Structures are given as structure tokens and as C-alpha cells.
Amino acid sequence: YDRIQMPKSTVRKTRLFREVSKLPDKYVKHNYLKNLRSATNDFLERNPDLTKSYLHLMLFLYDLEFFTIDYVASEYGMNKKNLADRMIYPLALSGYIYKHFDKLTPSQTLEDHLFRDETKMNYRVRYALSQKGRLAVQRFYNSL
């Protein structure tokens, strides 16, 4: 089989016996996720009502104004029922997510019913991160 050749090392001999040697800043500017594991553990200790899965979902949802469960299930790569039952509903019960547009919300105008596939009876609920959820994500980002 073919072996991949690595370039010759240019590390100075004075660093030969060090435990670690950092790359120069010109190669790696900022490594914000370097402390991801410890920041996550500290954050979850301070927020016992959240789990790592809940935090990851809230990080995914942070830049969305509102969303449907169908959209998040397809983009996040989860089964729709599991996402709803295990993630969305518990986060909604604890106040991190709220119903932005509830069922039976769409307009009653004739144009809306003619040109949209969602009617009053099959309208999907739109959820959004609450202020509590947004502040939690901001606290996590600050801890990184």
C-alpha cells in the first residue's frame, strides 16, 4: 500500500524535549473551541436543567428567528418524533423555547388560502428560542 510522506519537521532542536510546542500565530489565529469540553461541563453544572443534547440544539437554533419541528428534524438529522418528544417539548416546558406562532394562527384571507399549502387546520407550529434560551446560549459563548 502507498505510504503518505509527511514533510520534514522544522522544529528547532531546543524544543525536542518539551511536552508541547504551540504553532505560531500566523498559522492559527484563534482557537475558541479549545476549551469546549471544560466550558460545556462547567456550563451544565451551573444549569442542571440542561443536558449536552439540549445545549447543542439551542446552539443550532440560536441564529433562527423561528422554526418548525419539520425543518429542524431535517436539518439537524433527527427523527421528527424523537426531536419533538425528547428535545423541543422538554425545552418548551422549562422555558427555553416557546411557541412563536401557535396553531390556527394563519391569516383568514382568501389569497392566503389559495396560494399556501398550509391552511388553518394543518398549520405547523413555529417555535423560537425564548429570552431565557438566548441568554443561556450567550452565557455559554462567553464562557468559551
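Trainee: Let's begin with Asp-70: with which residue does Asp-70 form a salt bridge?
Mentor: Keep in mind that this is a predicted model. The closest N and O atoms of the pair are 2.9 Å apart, and a salt bridge asks for a side-chain nitrogen of Lys or Arg within 4 Å of a carboxyl oxygen of Asp or Glu. The partner of Asp-70 is therefore Lys-80.

Trainee: Are Asp-70 and Lys-80 buried, partly exposed or exposed?
Mentor: Asp-70 has a relative accessibility of 27%, and Lys-80 has 47%. Buried means under 20% and exposed means over 50%. Asp-70 falls in between, so Asp-70 counts as partly exposed. By the same cut-offs, Lys-80 is also partly exposed.

Trainee: How many salt bridges does the structure hold?
Mentor: Side chains of opposite charge can pair when their charged atoms come close. Besides Asp-70 with Lys-80, the side chains of Lys-81 and Asp-85 meet at 2.7 Å, N to O. The total for the structure is two.

Trainee: On to the aromatic rings. What is the geometry of the pair Tyr-62 and Tyr-141?
Mentor: The structure holds five aromatic pairs, and Tyr-62 with Tyr-141 is one of them. Their ring centres are 5.7 Å apart and their planes stand at 70°. Planes over 60 degrees apart count as edge-to-face, so this pair is edge-to-face.

Trainee: How many residues apart are Tyr-62 and Tyr-141?
Mentor: Tyr-62 lies in the loop between α2 (52-61) and α3 (69-76), while Tyr-141 is in helix α6 (residues 131-143). The pair links distant parts of the chain, and the separation is 79 residues.

Trainee: What relative accessible areas do Tyr-62 and Tyr-141 have?
Mentor: Both tyrosines are partly exposed. For Tyr-62 the value is 23%. For Tyr-141 the value is 40%.

Trainee: Which residue lies over the face of Tyr-62?
Mentor: A charge sits over a ring if, among other conditions, NZ of Lys or CZ of Arg is within 6 Å of the ring centre. Another such case here is Lys-132 over the face of Tyr-96, at 4.5 Å from the ring centre. Over Tyr-62, at 5.4 Å from the ring centre, lies Arg-134.

Trainee: Is Leu-57 buried or exposed?
Mentor: Leu-57 is found in helix α2. Leu-57 and Met-87 are 30 residues apart in sequence and 7.9 Å apart in space, C-alpha to C-alpha. With 0% relative accessibility, Leu-57 counts as buried.

Trainee: And how far apart in space are Met-58 and Ile-97?
Mentor: Met-58 is also in helix α2, and Met-58 is buried, with a relative accessible area of 0%. In sequence, Met-58 and Ile-97 are 39 residues apart. C-alpha to C-alpha, the distance is 8.8 Å.

Trainee: Which residues form the nonpolar patch with Val-28?
Mentor: Val-28 is found in the segment before α1 (36-46), and at 36% relative accessibility Val-28 counts as partly exposed. The patch on the surface has about 320 Å² of accessible area together.

Trainee: Finally, which element has the lowest mean pLDDT?
Mentor: The mean pLDDT of the protein chain is 84, and 81% of its residues reach 70 or more. Where pLDDT is low, the predicted coordinates should not be read in detail. Helix α2 has the highest mean, 97. The lowest mean, 53, belongs to helix α5 (residues 110-115).

Notes. Residues are numbered from 1 along each chain as its sequence is written. This is a predicted model: local features need pLDDT of at least 70, side-chain atom pairs count only at pLDDT 80 or more; totals for chains, interfaces and linings use all residues. Side-chain values use heavy atoms; hydrogens and water are left out. Rings of Phe, Tyr and Trp (its six-membered ring) pair if their centres lie within 6.5 Å; planes under 30 degrees apart count as stacked, over 60 as edge-to-face and the rest as tilted. Helices (H or I, at least four residues) and strands (E, at least two) are DSSP runs, numbered from the N terminus. Buried means under 20% relative accessible area, exposed over 50%, partly exposed in between (1.4 Å probe, protein chains only). A charge sits over a ring if NZ of Lys or CZ of Arg is within 6 Å of the ring centre and within 35 degrees of the ring normal. Patches are made of residues with over 30% relative accessible area and no salt bridge: like charges are joined within 9 Å, nonpolar side chains (Val, Leu, Ile, Met, Phe, Trp, Tyr) within 5 Å. Accessible areas come from the Shrake-Rupley method with a 1.4 Å probe; for residues, only the protein chains shown count as cover. pLDDT is the predictor's confidence in each residue, from 0 to 100.
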